[in-house]
2 protein chains.
Amino acid sequence: MSLTLSPHQLVHALNWRYATKKFDPAKKIPAEMWEALEQSLILAPSSIGLQPWRFVVVTDPAVKAQLVSASFRQTQAADCSHFVALAVRRDLGADHVDRHIQRMVEVRGVALESLAKFRAMTMGNLEKARAAGTLDTWQTHQIYIALGQFMACAAVLGIDTCPMEGIEPAKYDEILGLAGTEYATVVACAAGYRLEDDKYAVAKKVRFKAEEVIVRI
Amino acid sequence: MSLTLSPHQLVHALNWRYATKKFDPAKKIPAEMWEALEQSLILAPSSIGLQPWRFVVVTDPAVKAQLVSASFRQTQAADCSHFVALAVRRDLGADHVDRHIQRMVEVRGVALESLAKFRAMTMGNLEKARAAGTLDTWQTHQIYIALGQFMACAAVLGIDTCPMEGIEPAKYDEILGLAGTEYATVVACAAGYRLEDDKYAVAKKVRFKAEEVIVRI
């Protein structure tokens, strides 16, 4: 692959990014851009490749308004262009694993039997986590990988985001039709374009000094 | 900001990325590239901007070899160019918050008093999580945001990575000098360049169909 971004450009984009407080409600993300951002979610890495997630993309104004009321009145949900709720597959079990394995067979054209060892290894790991009570925690970690990839990808495309942990997940699940399913909202992210008068856009980014955060051995 | 990457280029980079099994031990990431990747960690978004982390970058061959033995013999730790252990700040409390606030004062030139409300809000949120027993879980989520951003940024630079959850964190802490500190290894990531004969590099990427993962409202 030829390099598509220089280190300098990358760091510029990452410094340009900030948690956008005010989105411009009039500016919509062009379709081609949004499709690439959906791909950043679909293609996100996950443990054992299990993709324990569902991403609910909201552009309907009425639903966005409802989400504001489930987000402690943070208006980003309404004013952004595309709003994403990232939901985890709870209590992940054999049915999900078999769906993934079936997909491996389809995509790679391999025999189902050749994946028996992979299946046993995967189920073993899942059962171990289930017994330890850490299964949902483990899978939830993967949601945050997708969130991190999504925000970084948006930045290099010049699209603003605001990650939102201050939400009421159970209310989200009701509004988004996830209640009663195997999926549960974990976190959300607004995407769109900053409003020019968002004072946070010009505030200097605060980070600990590199030597306090990076240890080199 | 002018766009630095087209949607097409982004999706190409994300498809090019895979969890690299075999790194070329002879190929090192150039300094300028690595500095940009360190910035992707330093500049990663985190809840309330608290940066509850430390990143241990390992290039010393002897330490990398030790880490292989703490990673169920996965050789990526040894063969990659730069290996990163991502550690979370446990039991995050007032000292860390005040260090962050002091940094806000330094970087933004604002008065300490002006941040009293921010401090109270932050401490309130942390104490609530501590009481609920979710403080470390919450902060650990931020580590995975940094991991997601790191892998996406590496991909757009043309650098290979392999996320590693199959590690023994307590052994890592001993090897990396984190044992007995407030920081604990959560996950690791190898970075470098794929070896040409890594069969996983050419295996088709397996993802559920978009309609199974993305819900549009």
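Residues are numbered from 1 along each chain as its sequence is written, and chains are lettered from A in the order in which they are written. Because the model is predicted, local features need pLDDT of at least 70 and side-chain atom pairs count only at pLDDT 80 or more, while totals for chains, interfaces and linings use all residues.

**Relation of the chains**

Two copies of a chain are related by a rotation about an axis and a shift along it. Here chain A is superposed on chain B by a rotation of 180 degrees with 0.0 Å of shift along the axis, at an RMSD of 0.0 Å. This is the relation of a two-fold axis. The same surface serves both copies, since 100% of the contact residues of chain A recur in chain B. The superposition is by least squares on the C-alpha atoms of residues with pLDDT of at least 70 in both copies.

**The contact between the chains**

Residues are in contact if their C-beta atoms, placed from the backbone, lie within 7 Å. Chain A brings 67 residues to the contact and chain B brings 67 residues. Among the elements of chain A that each supply at least two residues to this side are helix H1 (7-16), helix H2 (31-42) and helix H5 (94-108). Helix H7 of chain A gives the most, with 13 residues. Helices (H or I, at least four residues) and strands (E, at least two) are DSSP runs, numbered from the N terminus.

**Strand pairing**

Two strands pair if DSSP finds at least two bridges between them.

| Strands | Sense | Bridges |
|---|---|---|
| S2(B) and S4(B) | antiparallel | eight bridges |
| S3(B) and S4(B) | antiparallel | five bridges |

Between the chains, A:Ile214 has B:Phe55 in S1(B) as its bridge partner. Within chain B, B:Phe83 stands opposite B:Ala190 in S4(B), and B:Asp160 stands opposite B:Gly192 in S4(B).

**Buried elements**

A residue is buried if 20 or more other C-beta atoms lie within 10 Å of its own, with C-beta atoms placed from the backbone. Ten of the ten residues of S4(B) (residues 183-192) are buried, so this strand is largely enclosed by the rest of the structure. In helix H8 (residues 169-176) of chain A, the buried residues are A:Tyr172, A:Asp173, A:Ile175 and A:Leu176. Seen down the axis of H8(A), they fall within an arc of 165 degrees and so line one face of the helix; the arc is that of the directions from the helix axis to the C-beta atoms.

Methods
Two residues are in contact if their C-beta atoms, placed from the backbone, lie within 7 Å. A residue is buried if 20 or more other C-beta atoms lie within 10 Å of its own, exposed if 12 or fewer, and partly exposed in between; C-beta atoms are placed from the backbone.
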